[in-house]
Amino acid sequence: MLESSKESLKLEAMKRIVGDPNQFIRASALRVLSSIRVPIIVPIMMLAIKEAAADLSPYVRKTSAHAIQKLFSLDADQKEQLIEVIEKLLKDKSTLVAGSVVMAFEEVCPDRIDLIHKNYRKLCNLLVDVEEWGQVVIISMLTRYARTQFTSPWKEGAMFDENNEKAFYESDSEEKKGHTEEKPYIMDPDHRLLLRNTKPLLQSRNTAVVMSVAQLYWHLAPKHEVSIVTKSLVRLLRSHREVQYIVLQNIATMSIQRKGMFEPFMKSFYVRSTDATHIKTLKLEILTNLANEANISTILREFQTYVKSQDKAFAAATIQAIGRCATNISEVTDTCLNGLVLLLSNRDETVVAESVVVIKKLLQTQPTQHSEIIKHMAKLFDNITVPMARASILWLIGEYCERVPKIAPDVLRKMAKSFTAEEDIVKLQTVNLAAKLYLTNSKQTKLLTQYILNLGKYDQNYDIRDRTRFIRQLIVPSEKSGALNKYARRILLAPKPAPVLESSFKDRDRFQLGTLSHSLNSKATGYQELSDWPAVAPDQSVRNVEIIEASGSDSEEESSESEKTSSDSGKSSSGSEQSSSESELEQKKKKKTKKVPQKKSKPTAADRYSEIPAVCWSLRASFFFPVTTSSFGPVKTYELLHHMTGKGLAAKYHFPRQPCLYQPSMVAVQVILSNSSDHSLEEIHIGDRSPASLSIHCFNTIERLEPEASVTVSMGIDFSDSTQAANFQLCTKEDQFSVSIQPAVGELLMPSSMTEQDFCKEQGKLQGMNETSATITMETANASSQAISKQVLSVANVGVVSSSQNNFSRFAGRTVSSGALVLVSLELKESSTALLTINTEKTVMASMLLRDIKQALTQA
Amino acid sequence: MIHSLFLINHSGDIFLEKHWKSVISRSVCDYFFEVKEKAVDPENVPPVLQTPHHYLISIYRGKLFFLSVVQTEVPPLFVIEFLHRVADTFQDYFGECSEGVIKDNLVTVYELLEEMLDNGFPLATESNVLKEMIRPPNILRSVVNTLTGGSNVGDTLPTGQLSNVPWRRAGVKYTNNEAYFDVVEEIDAILDKSGTTVFAEIQGVVEACVRLTGMPDLTLSFMNPRLLDDMSFHPCVRFKRWESERVLSFIPPDGNFTLMTYHVSSQNLVAIPVYVKQNINFFETGSCGRLDITIGPKQNMGKTVEGLMVTIHMPKVVLSANLTATQGNYTYDLTTKVLVWDIGKLNPQKLPNLRGSLSMQAGAPKPEENPSLNIDLKIQQLAISGLKVSRLDMYGEKYKPFKGVKYLTKAGKFQVRT
């Protein structure tokens, strides 16, 4: 009965997957089929998954990605076939599918990193638009990927250790002697892409996403960039108790290595009496990690409040923390010790016991002249019942018995009386004390020691019997005892190294942050180790994607034509290898963004295709990655620094008219630096800038520029849509030169592709105040539409909008910084006059642009 | 990822279980109960536990434990965040998240859980999408359903899931179009014995209730956005616009949602609206103590402080309190040792005062530390940071919506050490 009903269910589901016109029914059918956990249906499931993976609806494809995991857990032998499906689905450009397929990838074949290469850039770019759960999975996968593919952005020897600056410089100079041609570190653009695209996700409302971005930065970003995650992590502390717990654990691990990151937020870790105990202990841990000479007094004052807490477990933890501060910061050791001694008279047993244990550790680090404290503790001994504390006092007295010669034998006498009633740990220490006293003061203690050893001999605990036997042979001379006897004193009273008080989070950094394993501090099933950075980066070109010609509207074809030519010209003009490869990358990225909306369609299914919009390219995506088409235009070069004023250093710049790689709101500028002096110039870099708020992405310092050599570097400047000059200093090792880059208004734009209809619609929205126009008289040579395009494009970085009317030329662009639309239209009238109209919110820009275009069109 | 979910009530009964993969025996929860026994206070149960074969990740919400079982490595926050989302969804559907309500709506609860996870991976967690598939219960429908044998499963398909704005359902229609925004700020502070501020910061949240027809595109701008130091947004907010222009531009979900949360930069001095004069003494002999608390207005920007309340967790040895309040009432719970003084409105002319004696267990030593005071208050029509909404614009739809903004300042974790 059951079998037959399953059978019919199966058939029905299969029929639906293949045939139903509604995508939800198809998806649900697949969900049902894949949830039947019977091995017999494996082949059918496989078929269904393959079918669904090729479905036109992204929702059905998403469901198929889920089904992959189900099938894999049902029958792991299908792995090879499933990997094929995963490979196919990874190529999918829908944001719906991305998260689910990466999840399947992680489950089925996390080691097949080669499948990611081609999809890496796409995943990075889609990331912001993927649903939040998918983001978490993708980010953690990309973290692992990046660790295998890029070289370390952390400089040699300077990994995390902030206090080790000096050593770092030393090793550096040594290395330089060895091989002078060591290249400065240049971050792979793909590595940068990942960091840049994950950054906005720090503002996510989903705490898991924020945490995963934080761990990505921790494991992948250059040292100085990691601190941008601090604020967001501290923000998560306002969230639910459970979230706090996990976040605090991660901060604790981070704060051991990088105090500086969290020090400004120290007060956010202050403990409230209403916090749960484990939250309190974690906060305490972090405060202790953050303690340094400057803030220790504030922290100790805070600790004083905690010691008095009603939560005794927490008070005990605070005492431990004070002990750690005392050993780490030598300035306050004495203060802490005095404070702890005061606590010995506390009424609460646990507090006293904990203080004794901590004092014992502290005294061991500096045993000089603390006999007063030992005496004080000996007096307290009768009142303390916590075994650990009693044992600690006994050990202290034994170790420093020569400093308290009168008290020690008396304590031993008392112990002899109560020996049988003590805990094991106390008994062991009693035996220990007896042995030490026997060696130093045998006259007074010989009998007592023998008595205790006899008691120990018949103790129930084998550990104590064993110890007693050992001690007896060691200290009591007899004919059988050999050479060891002579060394008994040296063995028992050897100076002992002081214990190191360390954070319990010290070794947690072996696990990737944010993982279950990190939280439990033990390796969880299925934990994937984060590999070390490779010494040499693997081939970068594996991530390049072949260019697929976009087969869109006419306008796009036209512009892609011109794009090719411009990229060609760009290549020939650019001087250095690095920049040309960079521009190549740019081009590819552009291609990629452009081809996204296209979708390969299966003709057989075209009839059911119409019901859904296949484009899953969301609104937000276009905000992050504006669809750009680079336009043709001759490159104008401007002088930045003349070689006469620059003492041999000359600099020229031009606008390559490409989206800036570093930040989308920046305008890309290429600077050609050349050395026309007769000696080499060293350490060329960018110094102070004004206004100070000006955000510039500097080029990496050029270590050395030989005479007659030149190098092209690219930088990004955020002009904030104004033509105000960016002033900064160009520095060499010896000199500084103030230079400024004043952009033409047309360079503050980037092309935007749109259809004629869209153009008119947008233009309709930007009427009135936002419209500027002028009638111009053109040179006859300029009257053709090609000539107009050429002239307009020479002054402004805008895109051509294809026009159905002959007498109209239209251009569209967006301002780089704010993304405001700028629309230029030119209507040819009779006798070579024309009406030039510019529509944009940025009215100041409009009038300047109008002037520039007018000038370009009226001159020959 | 998430293998199973158990709902456990305060007394430790498992009253609901749901498995997304194979069935895991209830006995796995025994490990959890063991820890729970030890922890005494349910707040103290660690959220992540390890058992020989499974990992248990739990949250504690509304006197219920949501305990999930996972078998392999997974970011713990992923699970925790999801469990809270489940609890939020229950709250959203049934008005509260308690054992009784969940038991009353078992069918809907199972339907929801089935849709929220597929094979342990979150599928649909947006409340708008869920509500299209599974309708929230109401009395009329449940009556009809019992009579006709129908269910709450919606007969439309959740198209929102496919659109590029998955948080908004399609075809929204209202006769009254309205958009309300509540700017709620909470003051977190620790004051020490002498009244000086040890630590203070402001956390804010913009809650929205948007009932607008069609696909409106809203832009909300602030008079002084520079105040905001760190924020997180609902996924609908276009981050890029915020970065460049400091305005919130978004297509809103339908109904209630949290638009953004923010943190006001710590450089700004935080105004503390009240001051507290307190004197709590426990005497060495006679096993009694004295308590004297006065509260007065400090920096409240000319507004009235309302809903004033003081909560004190007394030491275990305090048996009873014999106090007189010049305003409001006080209660002392003998079992939990919590003293609550509900004051109400703060009258600057006549400052509220609570004084009297505390009697302690005979023979017990006097408590080491004085209990700290937790203060609760509300100030209407004021955002203590000074944040102001300057305007709300709507694009994409023709009608004129009704717009409203409300401000409220509350005490968050406001503690006075004594």
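The following legends describe close-up views of a predicted model.

**Figure 1. Overall features of chain B.** The secondary structure of chain B comprises 7 helices and 23 strands. Its C-alpha trace spans about 75 × 55 × 45 Å along the principal axes. Chain B has 418 residues, of which 56% count as buried. When contacts between residues at least 6 apart in the sequence of chain B are considered, 68% of them join residues at least 24 apart. The chain exposes about 17,900 Å², and carbon and sulfur atoms supply 51% of this area.

**Figure 2. An open, three-stranded sheet in chain B.** The view shows an open sheet of 3 strands in chain B, in the order 12-10-22 and with antiparallel pairing. Strand 12 (247–250) and strand 22 (389–395) of chain B are the edge strands, each of them pairing on one side only. Neighbouring strands of this sheet are turned against each other by 15° on average, direction ignored. Strand 10 (residues 217–222) of chain B is joined to strand 22 of chain B by 6 bridges in the antiparallel sense. Within strand 22 of chain B, L392(B) stands opposite L220(B).

**Figure 3. The hairpin of strands 13 and 14 in chain A.** Strand 13 (residues 808–815) of chain A pairs with strand 14 of chain A in the antiparallel sense, over 7 bridges. F811(A) has V824(A), in strand 14 of chain A, as its bridge partner. The two strands form a hairpin with 5 residues between them. In the turn of this hairpin, G819(A) has a positive phi of about 75°.

**Figure 4. Strand 14 of chain A and its pairing with strand 15.** Strand 14 (residues 821–828) of chain A is mostly covered, with 6 of its 8 residues buried. In a regular strand, side chains alternate between the two faces of the sheet. Strand 14 of chain A also pairs with strand 15 (residues 833–840) of chain A, in the antiparallel sense and over 7 bridges. The bridge partner of E827(A) is L835(A), which belongs to strand 15 of chain A. Strands 14 and 15 of chain A form a hairpin with 4 residues between them. S831(A), in the turn of this hairpin, has a positive phi of about 50°.

**Figure 5. A nonpolar surface patch on chain A.** L484(A), Y487(A) and I491(A) make a nonpolar surface patch of about 290 Å². Y487(A) is found in the loop between helix 25 (462–475) and helix 26 (488–492) of chain A. The relative accessible area of Y487(A) is 42%. Y487(A) therefore counts as partly exposed, since this class lies between buried, under 20%, and exposed, over 50%.

**Figure 6. The surroundings of E114(B).** E114(B) lies in helix 4 (residues 106–116) of chain B. With a relative accessibility of 36%, E114(B) counts as partly exposed. Residues up to four places away in sequence being left aside, E114(B) touches R31(A), K18(B) and W20(B). E114(B) and A124(B) are 10 residues apart in sequence, and their C-alpha atoms are 9.7 Å apart in space.

Notes:
Residues numbered from 1 in each chain as written. Chains lettered and ligands numbered in written order. Predicted model: local features only at pLDDT ≥ 70, side-chain atom pairs only at ≥ 80, totals over all residues. Heavy atoms only, no water. Patch = residues over 30% accessible without salt bridge, like charges linked within 9 Å, V, L, I, M, F, W, Y side chains within 5 Å. Areas by Shrake-Rupley, 256 points an atom, 1.4 Å probe, with all protein chains shown as cover. Salt bridge = Lys/Arg side-chain N within 4 Å of Asp/Glu carboxyl O. Buried < 20%, exposed > 50% of the residue type's maximum accessible area, 1.4 Å probe, protein only. Pairing = 2+ DSSP bridges. Axes fitted to C-alpha atoms, helices over the stretch in contact; angles between N-to-C directions. Contact = heavy atoms within 4.5 Å.
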